[in-house]
Amino acid sequence: MKTVFEKPKSLSNVPLHYCPGCTHGIVHRLVAEAVDELGIEGKTIGVAPVGCAVLIYEYYNFDMAQAAHGRAPAVATGIKRADPNNIVFTYQGDGDLASIGMAETVHAAARGENITIIFINNTIYGMTGGQMAPTSLPGQVTQTSPYGRNPSLCGYPIKVCEMLATLDGPEYLERVSVHNVKFVRSAKKAIKKAFENQVNNKGFSLIEVLSTCTTNWGLAPTAALKWLEEKMLPYYPVGVYKDRSKVQ
């Protein structure tokens, strides 16, 4: 019988630790599929964040490094520059990338570093208890905004793809989602393209993935997927925000 679906070789057999309904696992698989399909497992190095995905180094069969909170782009830059033949990516949440690590993110993008960043946006700090994140929506209730995020006090959410698109350095910026099969397929294409850009020495690529946090949102898995579609998609539209290969 022909095999039509199997676990990517780049994924280990270690059970994931995420909460039921969390979409980190989907993105992990998409990264592994891209690595397998491009045949780059032997030279891929991932940089783990601080946050819910801190144990990501347990889940892949290629090399991983651990960075301090927010410093993954700086660590990835060092690894890539030390040996440009490496295929280097970071995997970061919104607190890690868009708060404490904002400087590293912006300057790596501005320099056009030839690395790939997978950015998980679930609008909240997941691992540390559900505090308001830089990406939390206006009016969103969190542990540190119990009456909802008030832009007059806390400012507005940071739209990372739109912001980085104003820089000259990035090669490719796209926002995707993984809340249903159609969007997962589009996310897979974007993630694979981001790795292909690095293989072809095109420079900095970042894929922002709209994701769920069932526990800290206080929602069941199916309700969380619906909340993402109804609340996050209007504020964070999916699409390509920069692709120099298509600039005429």
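Strand 3 (87-93) and helix 3 (94-100) each supply at least two residues of the lining of the largest pocket. The model described here is predicted.

**Largest pocket**

- The space in the largest pocket comes to about 220 Å³.
- Its lining is made up of 19 residues. Val50, Gly51, Cys52, Gly93 and Gly126 are the lining residues that lie nearest the centre of the largest pocket.
- Helix 3 gives the largest share of this lining, with 3 residues.
- Sorted by class, the lining of the largest pocket holds 9 polar, 8 nonpolar and 2 charged residues.

**Second largest pocket**

- The second largest pocket contains about 160 Å³ of space.
- It is lined by 13 residues, and those nearest its centre are Cys19, Cys22, Cys52, Cys213 and Thr215.
- Cys52 is named among the residues nearest the centre of the largest pocket, and it is also named among those nearest the centre of the second largest pocket.
- Helix 8 (residues 214-217) provides the largest share of the lining of the second largest pocket, 3 residues.
- This lining has 8 polar residues, 5 nonpolar residues and no charged residues.

**Helix 4**

- The buried residues of helix 4 include Met102, Glu104, Thr105, Ala108 and Ala109.
- In an α-helix there are 3.6 residues a turn, so residues three or four places apart point the same way.
- What do the buried residues of helix 4 pack against? They pack against helix 2 (72-82), helix 3 and helix 6 (160-164).
- Gly112 follows helix 4 and has a positive phi, near 70 degrees.

- Asn114 sits in the loop between helix 4 (102-111) and strand 4 (116-121).
- Is Asn114 buried or exposed? Asn114 counts as buried because its relative accessible area is 14%, and the cut-off for buried is under 20%.
- The side chain of Asn114 reaches the backbone oxygen of Gln198, at 3.3 Å.
- Apart from neighbours within four places in sequence, Asn114 is in contact with Lys80, Asn197, Gln198, Asn201, Lys202, Gly203 and Phe204.

Conventions:
Residues are numbered from 1 along each chain as its sequence is written. This is a predicted model: local features need pLDDT of at least 70, side-chain atom pairs count only at pLDDT 80 or more; totals for chains, interfaces and linings use all residues. Side-chain values use heavy atoms; hydrogens and water are left out. On a 1 Å grid over the protein atoms alone, a cavity is a set of points where a 1.4 Å probe fits but cannot get out, and a pocket is an open set with protein on both sides within 12 Å along at least five of seven lines; lining residues have an atom within 4 Å of a point. Grid points are joined across faces, edges and corners, and a volume is the space filled by probe spheres set on the points. Helices (H or I, at least four residues) and strands (E, at least two) are DSSP runs, numbered from the N terminus. Ala, Val, Leu, Ile, Met, Phe, Trp, Tyr, Cys and Pro count as nonpolar, Asp, Glu, Lys and Arg as charged, and the others, Gly among them, as polar. Buried means under 20% relative accessible area, exposed over 50%, partly exposed in between (1.4 Å probe, protein chains only). A polar contact is a pair of N or O atoms within 3.5 Å; within protein, one must be able to donate a hydrogen and the other to accept it, and residues adjacent in sequence count only if both atoms are side-chain atoms. Contact means heavy atoms within 4.5 Å.
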